Amino acid sequence: MAEDIKPILENKSDGHLRDLVLTIIKESQVIEHLTPNLINILFEPNERLDTRRLAMECLFSLVDDIKILETLISESSNTSLNIAAKGIEFLGANSIDLGILKRFFRACSNLYPTEKTSLDDRRLQGNRYFINKLVWTLSAENTERLLNFLTDELTCSCGKEYYECFCRDGISKLVGKLLDHYFDITSLPYNPEQIWGWLKNLNYHRDESENFCKSVKAIRENKDLRQGLFKTVFSGLTERKKIYNLKQSRFEPHCGAHSGLFFSADDIEYLINLAFEENNLELWSTFITRHYYFQHNKLQLNNQIRSIMRKQANQKPEFMREWAKANNTDYSIGLQIRKRNSKSNRLDRKVKKCESQNRADNISFIQRNRALIESGGHFGWLVNFSECLLFEPENIQKEFGDEELMRTSLKNCTSLIAPDVPNLQKLAELRSQSQRLHVETVLYALCLETIRMEGTLDNISKQILSAVKTRCNIYYDAVTEDERDLLKCEIDRLLFPDVTSKENYLKEYVELQLDKFKCEHPEVEVLRDDEIFSDFKANLPLEWLNKYSGLSYYALDILFDLAVHYGDKEQLKDLILIRCDEWLGRIESPHIDKPEEKIIQFWFLRAFYFLNLCDSQKFFYFLTQKKSSIFFFEGISSSLNSGSRDILPSLTSDKIYLLLDRFIEDWPQVNLPSSYGTSSPDGERAYRFLVDISRQIELDASERTIHIIEQLIEDSRFQVMRQNLKSMRANQIRALALRNFIPPNISKVIDLLDNCEIVTVEGLRDRVLYELDKYQKDIKGGEFNPGNRFYSQGGVRLDEVSSVEIIAEYLKPRLEADSIVINAEHQTKDKNRIDITASKVMDGIRRLLVIEAKGQWHTELFSAAGNQLAERYSIHPDAEGQGIYLVIWFGAEEKVANRKQHGLKSADELKVKLENDLPKNLVGLIDIFVLDVSKD
């Protein structure tokens, strides 16, 4: 058995057969004879993690466990350390030699990124979760020993600032995990000196929350431990500079220290009391807090600390001198700040005074010209009133002094501004120039105020309503969503009583932007977003796309999406082909600018997605001349962007093959980390897209898909994807076999089990094969020599047609009892004739089994199963893609496939050869039966 297993273990394919074998033999005695093979697998760095792990589990009972672990640790790769961790867990982390654990954790520290590690390499560091799992199994004693070992003599070796220092990152991360575990499994009291020894030289680049880090929570919540830590660190320390540096580098947020050490208000109070009790003036003065002139959120804490320190300063003269000195310095700093800000404050006061004066002058002007303004005759004040109403209505009284006057002026302005109301043509021109008129703001405010007061716009002219309709998509700060909707509905009611009025609006306003003014961002989105125009979504986008060839990309994108959703697909395909042919004729022009390049990409891309491969292939080759063009398709069809362009059809398998064939050499294989996005490197994005798109092949369930998968499997460029492609092929074969399959109901299952009733095409196939097998036995061993019927009286074999008739004649009476109808030379589509068909009605539907028969001499003997039976006959809608290939064998002396020198000696040999030549996608669907009627 060992000799049979060795080739499997030596085969480095990416399948799971080796893993299955290793799992089976793990407990058996055969592994004693496979030790060299297992060692090769275990210590091969390029092997899969699971395969190496299984090999280790097999070897543990045969060779020195410690030697295996030391070899894996010395490799120091993520995979080897992962396997070593599983080995340590298997042997027992607390029973194994401590030296192994020390070397293991020291090696694990190198798995964390450093400043020299690129972003890609950081993402490829691998999964380090196995370290957490091992840490959780450690005893308190081993955890403490490892903490002492890892932090002993831990210092910065690079000499950089904490935010640039990465030399301690790996050790710091591991110590953090061990500390979390230590506080989880131990209880009070703790030794502050020991804890500080573990914490003092750690360095982190991110602060941790107590919600996610148990050591942070334990240190923050344990008052005795905290005070013990601070006393250990600061008691007896009298050098001010050293105190300050220690405070800033270990106990302030964002300083690289362990997050559990950060100062709180209670900590500062404890330290100033400690310093006062020990008469440590240098330590006490370090915590004197200054006045916060601008940070009011710190005021309460600041006052509390200063109050305590002031009381303490009153008790000791030397402390009072330090207190006074600090306050004098603080006063000097505050004076400098006030001087620096005084000029700015004077300017602010001057500006506010000018604004106040202008406001008073405006109110005075309004009162002096009250009659004119109230009648709506002053356009400038109408604009000011309207803007204030739409953006800051709370400032109306302050700015104008009379809110009622303002509203009255808006109400009275209708007749006076009527001559200035622009028509739709003028508004379309303004939109094309990205301009607006002040009168539009006034009109919107007028309609808004009217509907607020009266609830209707019946008294507003249609010209004004048309102008305001063009601004209904604009949001104003002081207009609620409900008010906007109410205003829009009222305008729509009055402007669009019928379909003709809607169409006129679109043609006079929107279409004019496309036609006459060539607007870069025409308001075609109203077709998409405004339900009042939903009647035109089916025809108008397609009409405009056909009518205007010079549309901007913005207009194209919106109109095309609408045409896809609501329009006629065949007309859209015709349009795509026309536009692509037009651009293809101009593509060599030296005057193609960037916007036109974008339009070309737009049409050529859609040709590839919407047209068949034959029509779109020429556009595809122009589109993909540069390797970077892969990102056109990646932005549409990648898994990351799968929802962003759901209006585009899914790619068929032949188009996916074209993409893979075009780009696989431009973008070779790279490692793909589990985290990715649009910021990933181009090489990674491109190759990930190729992998993604290859998996989408199986979404196209058709016969051609299997053929394309076969091409990819045989192509050496896709070696890495081969295993996935094989799985796709198997899935496709299964899907095609079950394409028309309907599971039998309970009664049919009972008939099948109790009465041998035929309820599926598969059952029909088995029944016919059973009768053919019986016929074979009769021919070779029957007492009436039925095989002689295949020869004439002179001993000459019959031709193919006559032989088929004999076989059909034999089958017919034997299958009629099961309501199976046998026909010879069955006529099908395109004048194709099937040699024999077996049909049966199941659940009211006729099911057909196709039998293609050939004499051994036929020139298409070895291709007929795929070409005739599969491609022409078994695709009959009633056949479910299944059939039987029946070959009649007359002996080795007869030609085979029209060749005398064929080397086949028996019917069995011919059957084996035919089965080997049968396309893999037909295995399980087509049965081969060689009927031996030879005289041997």
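Trainee: Which residues do ring pairs link into a cluster with Trp 196?

Mentor: This is a predicted model, in which local features need pLDDT of at least 70, side-chain atom pairs count only at pLDDT 80 or more, and totals for chains, interfaces and linings use all residues. Residues are numbered from 1 along each chain as its sequence is written, and side-chain values use heavy atoms, with hydrogens and water left out. Rings of Phe, Tyr and Trp (its six-membered ring) pair if their centres lie within 6.5 Å; planes under 30 degrees apart count as stacked, over 60 as edge-to-face and the rest as tilted. The cluster joins Trp 196 with Phe 230, Phe 234, Phe 251, Phe 263 and Phe 287.

Trainee: How many aromatic pairs does this rule count, and is the pair of Tyr 505 and Phe 533 stacked or edge-to-face?

Mentor: The count comes to 44 aromatic pairs. Tyr 505 belongs to helix α29 (residues 499-515), and Phe 533, 28 residues apart from it, to the loop between α30 (525-529) and α31 (540-547); helices are DSSP runs of H or I with at least four residues, numbered from the N terminus. With 5.7 Å centre to centre and 5° between the planes, the pair of Tyr 505 and Phe 533 is stacked.

Trainee: Why does Phe 608 count as buried, and what is its relative accessibility?

Mentor: Phe 608 forms an edge-to-face pair with Phe 633, at 5.4 Å centre to centre and 75° between the planes. Buried means under 20% relative accessible area, with a 1.4 Å probe and protein chains only. Phe 608 therefore counts as buried, as its relative accessibility is 0%.

Trainee: At what distance from the ring centre of Tyr 475 does Arg 484 lie?

Mentor: A charge sits over a ring if NZ of Lys or CZ of Arg is within 6 Å of the ring centre and within 35 degrees of the ring normal. Lys 935 lies over the face of Tyr 791, at 4.3 Å from the ring centre. Arg 484 lies over the face of Tyr 475, and the distance from the ring centre is 3.8 Å.

Trainee: Which element gives the most to the lining of the second largest pocket?

Mentor: A pocket is an open set of points on a 1 Å grid over the protein atoms alone, where a 1.4 Å probe fits, with protein on both sides within 12 Å along at least five of seven lines; lining residues have an atom within 4 Å of a point. Of the 30 residues lining the second largest pocket, Lys 173, Lys 177, Asp 180, Arg 206 and Glu 208 lie nearest its centre. Elements giving two or more residues to this lining are α9 (129-135), α11 (169-185) and α13 (214-221). With seven residues, the element that gives the most is α11.

Note on methods:
Buried < 20%, exposed > 50% of the residue type's maximum accessible area, 1.4 Å probe, protein only.
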